[in-house]
Amino acid sequence: MSINSPLVAEKSTVNIIMLKVLAALLPAIAVYVYFFGPAILVSITLASATALATEAAVLYLRRYPLRVYLLDGSALVTAWLLALSIPPLAPWWLVVVGTAFAILVAKHLYGGLGNNLFNPAMVGFAALMISFPAHMTHWPAPDVLAQSHWNFAQQMDFMFGGALPAGAKLDAVTMATPLDTLKTQLHLDRTVTEIQSGSIFSILSGKGTEIIALFYLLGGLFLWQQRIISWHIPLSFLGAMFATAGVLHLVDPGQYASPLFHIFAGGTMLGAFFIATDYVTSPTTLLGKLIFGAGIGISAYIIRVFGGYPDGVAFAVLFLNSAVPLIDAYTQPRVFGHAGKWFRGGKE
Amino acid sequence: MRTLYPFHGGVHPVEHKRESTQLGSAIAPLPLHLVIPLRQHGGNPAKPVVSAGDQVLKGQRIGTAEGYISSSVHAPSSGRVVAIEMRPAPHPSGLPDLSIILETDGEERWIERQAVDYRAIDPAGLRQHFQDMGVVGLGGAVFPSHVKLNAGNLETLVINAAECEPYITCDDMLMRERAAEVVQGIRIAQYAMGAREVLIGIEDNKPEAIAAMQIACQGTGFEVVAVPTLYPSGSAKQLIKLLTGKEVPSGGLPTQIGVQCFNVATVYTMHRVVNHGEPVISRLVTLTGNMDEPRNYEVLVGTPVGELVKLARPKADTTGYLMGGPMMGVPLADLSVPVVKASNCIIATSKALFPPLPRAMPCIRCTRCAEACPADLQPQELFWFSRARNFEKAQEYKLFDCIECGCCSYVCPSHIPLVQFYRFAKSEIAEHEKERKAADLARERHEFREFRQEREKQEKAAKHAAKAAEMAAKAAAASGKAGEAAEGGDDAAAAKKAAIQAAIERAKAKKAAVKPQNVDDLPPGAQAKIDEIDERRAQAKETAEQSVAVQKSDKGQGA
């Protein structure tokens, strides 16, 4: 006689969760295409294909059932998040190398689904950022600001062959991001207000990018409404970044941009709702989630404003990822029938 | 409205309760054979007090409680005991249990039934009566009720009528049909425990039962509390929290916080025992699931499940049967098992009602289990530690506070059979604990034996020395020379020393020479056996010594 109760279960499965995450990204991707052209769709496709191929190869080597694990959707989530984090006009091999590295090293070398300490997409991003920094800065200018407009075929020629259209310059289609601009110009002793009068800046943050960030926010709210993510990480992430930026902005508005600018700039929104909330690499306790989110918000701001990189979300996420086991161990909530508020792994 | 104190988590599976409440309860026909396991309650199994061939009357005690945590079992009908033997029992272990097989004569002749005035007998006497009459918790745990009644001056008596598991409706029907009798049972429990307040918790998906109980409770001061339909509100700890805001301390008893909790069907049997003199020999059982006529039946304990389920006409595509609800129930591998006091429900399963769960995937730490856990545990951590056989960690993360309700498994998107992992870890830990205790015992025995041998040796030596000294003194006295008497003192001392030495030598020789006697010319088998036993002894000694060494090294690490 086998004991296998409960015999009933909710319909939810891992792939339903992953598919909802992908669905929540779609509106933002549509807006992305609207502002920056269809190249992003190509890099997403490329990343997806690479992720599935790498995943299949590793599953085969590890003798895991291919179909079940390929359909779990986790590799696709990694692929999409990575593709959305790197410049869409980056050469094809950059996407492929980054995605393959994410799946192979960050995911499977740690034991595969559910066992990785670090967010695979962010590991892929960090690897590319360190190995190929130049390619990681070629962000396209929003269509409205670009000096010249490449058609889709020209974009593809550049992505796959590195060929510029006749007479065209890369500078004509790419532009420094708002965060990058801010950073470099502040070094030239200009004030934030002066810098932000530049054409790439808009009401909240950057032209185009702020709208994409808004749609990441909406997608995140959808995930929250669907109970895929809880509010703890996004809110503490955004709240901590807002508070840190707010304090410094109040102290010296000429040197420090407004908190609203920061939470709508760079990878903040994508990070807060889609990356930091990755189940596997974030804490499991509610208090732990608050600490984790706040830690990323503050670290990302510090890296962004005081560090060497224009944005700090990816490194902040990786930094806090490494603290997850510690955070979890120190924030175990009180168990029914026990005294105290929470306990540290084992000791009350 | 009473303030409720919601417990954490919980789930709400599809209820499936309507099916079996369309018809009122009916009485199941008397089967030809009844199989009455002697273990139908927590604690020691009852000891049979009849033998094969005996004629018994309905309600006659056929097994008597063995020890305090035990309960009696009774003949559910009149007839003849045909055998007392091992039979399959509806127990999670699936192991057969000693059972009394009764061939019914169809006459249903009762023993002499005597109502008692519970106010006239002292509490200990009443508890003894309940033990003798086989009153145990009918909510599923079947813990002997007399043990739970052994506390007084209660703040709150909680009557558990939540019936939170899907499909099960036997408590619902009991309250709809016999509310007045249930209330009489509550009076007895209240009186026995001196409870100042009585709260009857019923999930709000049972409006008929709530109404019936409210009417029956008029003028009693008992309060019927409708609680939200949320599994597992029928778990005693969760219901107590919900109704009183108090948490039963981990590893403790509800009486520590001035509360006790009885299932509604249990208090009903208290009424039958006290006011009608009937022992617990039947109960309401829900037959439901993949059946044409789902319904509740009053079923005699011992009725084979295979015969019983036919009453509700299982459909052709029935794949099996489940005893209990779908959250905590036990699939029945063998339909010859009898209905016991713990059997509240039998569900016919089918592929449509219980589709096979998807393949288990790795844990993705989504923490839905933690959100659903009514014990505020972190099931994902417990799973991780249990799977890795890191039992120490599992215990640190309060594995033993898990009530095995199944909420975590229910919500798991990876469909990991989490509860199985916890059961596995718990049983492994229990096994280790047993082994450790056995080793401790062996070590203690070994140490005591050495101590005793040493003591005997010393005593013997002392005795010999005394004797030798006496003899030397006598010899000295016999020489009769006063002058030499002084020297004789020295002589005596020397003699004493020599005698002691001799005694020690003798003891040593004797010890070395100790050999089993009557072992000459043994058949080879017997000699082999002796050798085997000797070897086992040596091994036991070694284990004991090792455990001592381990303990010492543990202490060393601790320091």
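In chain B, strand E4(B) pairs with strand E7 (residues 79-88) in the antiparallel sense, over two bridges. Strands here are DSSP runs of at least two residues, helices (H or I) runs of at least four, and both are numbered from the N terminus. Two strands count as paired if DSSP finds at least two bridges between them. Within this pairing, Val56(B) has Gly79(B) of E7(B) as its bridge partner.

This is a predicted model: local features need pLDDT of at least 70, side-chain atom pairs count only at pLDDT 80 or more, and totals for chains, interfaces and linings use all residues. Residues are numbered from 1 along each chain as its sequence is written, chains are lettered from A in the order in which they are written, and side-chain values use heavy atoms, with hydrogens and water left out.

The pairing of E4(B) and E7(B) belongs to an open sheet of four strands in chain B. Its order is E2-E8-E7-E4, with antiparallel pairing. Strand E2 (33-37) and strand E4 (55-56) of chain B are the edges; each pairs on one side only. Strands of a sheet pair through backbone hydrogen bonds.

Now turn to chain A. Helix H9 (residues 178-187) of chain A is largely enclosed by the rest of the structure, because seven of its 10 residues are buried. Buried means under 20% relative accessible area, exposed over 50%, and partly exposed in between (1.4 Å probe, protein chains only). The buried residues of H9(A) include Leu179(A), Leu182(A) and Leu186(A), but also Asp180(A) and Lys183(A). They pack against helices H10 (192-196), H11 (209-225), H13 (259-263) and H15 (286-306) of chain A. After H9(A) comes Asp189(A), with a positive phi near 65 degrees.

How do the two chains meet? The contact (heavy atoms within 4.5 Å) takes 44 residues from chain A and 56 residues from chain B. The area buried between them is about 4,400 Å², and carbon and sulfur atoms give 59% of it. Buried area is the accessible area (1.4 Å probe) that two parts lose on being put together, summed over both.

Three salt bridges link chain A and chain B. Each is a side-chain nitrogen of Lys or Arg within 4 Å of a carboxyl oxygen of Asp or Glu. One of them joins Glu371(B) to Arg227(A), at 3.3 Å, N to O.

On the side of chain A that touches chain B, helix H1 (14-36), helix H3 (66-70), helix H17 (324-330) and strand E1 (332-333) each supply at least two residues. H17(A) gives the largest share, three residues.
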